[in-house]
Amino acid sequence: MHELSIAMSIVELAEEEAERRGVQVEAVHLKLGALSGVVKAALLSCYEMACEGTPLEGSRLLIDEVPVVIFCPSCRAQRPLNSVQLFCCSECGTPASAVVQGKELEVVALEIKECAPNPV
Amino acid sequence: MRPEPRLIEVRKNVLKQNDVVARALRDRFHAAGVFVVSLVSSPGSGKTAFLEKTLTLLRPNHRVAALVGDLATENDALRLARSQAPVKQITTGTLCHLEAAMVQKALEEEQWDLNQLDFLFIENVGNLVCPSSYDLGEDLRLVLISVTEGEDKPLKYPTIFNSADVSIVTKLDLAAAVEFSWQTAYNNIQAVRPGMPVFKVSAKTGDGMEKYLEFLATRLSELRPASVV
């Protein structure tokens with residue numbers, strides 16, 4: 001169960017970005033690959049806890065799940081993987097171990113609110 | 001009126017910090033010509049016994065050292081020290097995996113001269129889930145399954161098998177007692193990681209160790225093509 005430390009890293013990363021740009025974060029958009037080793041439900045439940053006491057408190061985590069895509073050496077093409085229990089081409093059945101997509105654990109964007117300048 | 005939320009692009013890897021440290025470690029290891037092997041498995045599949053045997057058998061002809069991660073005890077380090085190789089314990093507390101920064105810190109504390117090493121082994125915490133996400137700067141990641149765990153471990157934990165380079169089936173001396181099917185286990189490993197090299201060993205009897213050590217020696221010579229090993 002390492003989702004809490006992952007959630008804390010996400011919060012830290014978003015906080016840095018927000019501070020650098022002088023903005024307030026409403027939501028964090030995350031790409032999560034099926035082979036990232038991180039469980040979506042666990043990450044979501046840890047996120048709120050990780051945000052507590054930080055400028056991100058009250059923000060949302062929006063997770064875009066990324067399916068696995070492999071490169072089939074026979075078809076010489078990228079193919080979606082039907083099951084992580086069987087790494088083979090979904091078209092021709094050739095075993096394939098080259099993962100093209102599905103390991104992502106990436107903050108792609110922040111939904112922000114511009115901080116209004118203090119009224120004079 | 002509430003302003004419309006705006007989207008700004010970030011595109012940053014969450015584990016960037018770990019990856020940066022791991023990359024620096026890998027560069028350092030390669031510059032020193034040391035081949036680094038990490039071991040992952042579930043608790044109790046025989047990582048420490050396997051590593052002790054590995055260190056003992058390599059020591060006459062190679063310079064070896066080991067870092068060993070454990071939640072709370074120093075038992076593993078004490079066991080590995082019997083091989084007379086330099087061993088450093090990394091106690092992780094409640095953390096379920098090793099991170100690159102912990103490896104870096106342990107190396108700093110120990111002050112080993114990496115130039116004087118052929119192989120450095122890193123034994124991860126017993127866990128088949130969390131270690132898969134963390135690069136430790138290793139050249140080779142071994143995933144161990146013991147015959148007593150059942151042949152379907154690879155299907156239950158495809159992510160860690162997919163992040164590893166080589167699979168080791170341990171406790172071969174118990175295979176008959178638990179009616180272990182080598183073919184089924186092998187097929188399951190190949191299903192989640194086609195082409196993965198698999199070695200079957202018994203750290204107790206030494207069975208199968210020679211073939212695996214030859215494999216390591218070959219990988220070491222590939223790392224140092226120009227120099228005489």
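Two residues are taken to be in contact if their C-beta atoms, placed from the backbone, lie within 7 Å. The model is predicted, with local features requiring pLDDT of at least 70 and side-chain atom pairs counting only at pLDDT 80 or more, whereas totals for chains, interfaces and linings use all residues. Residues are numbered from 1 along each chain as its sequence is written, and chains are lettered from A in the order in which they are written.

**View 1. The side of chain B that touches chain A.** Here 28 residues of chain B are in contact with 30 residues of chain A. The elements giving two or more residues to this side of chain B are β1 (6–13), α6 and α7, where helices (H or I, at least four residues) and strands (E, at least two) are DSSP runs numbered from the N terminus. Of these, β1(B) gives the most, with 8 residues.

**View 2. Strand pairing between the chains.** Strand β6 (residues 105–114) of chain A is joined to β1(B) by 6 bridges, and the two run antiparallel; strands pair if DSSP finds at least two bridges between them. Within this pairing, L110(A) stands opposite I8(B).

**View 3. Helix α7 of chain B.** In α7 (residues 182–192) of chain B, the residues A185(B), N188(B), I189(B) and V192(B) are buried, that is, 20 or more other C-beta atoms lie within 10 Å of their own, exposed meaning 12 or fewer and partly exposed in between. Seen down the axis of α7(B), these buried residues fall within an arc of 100°, so they line one face of the helix; the arc is that of the directions from the helix axis to the C-beta atoms. On the other side of α7(B), Q183(B) and N187(B) are exposed.
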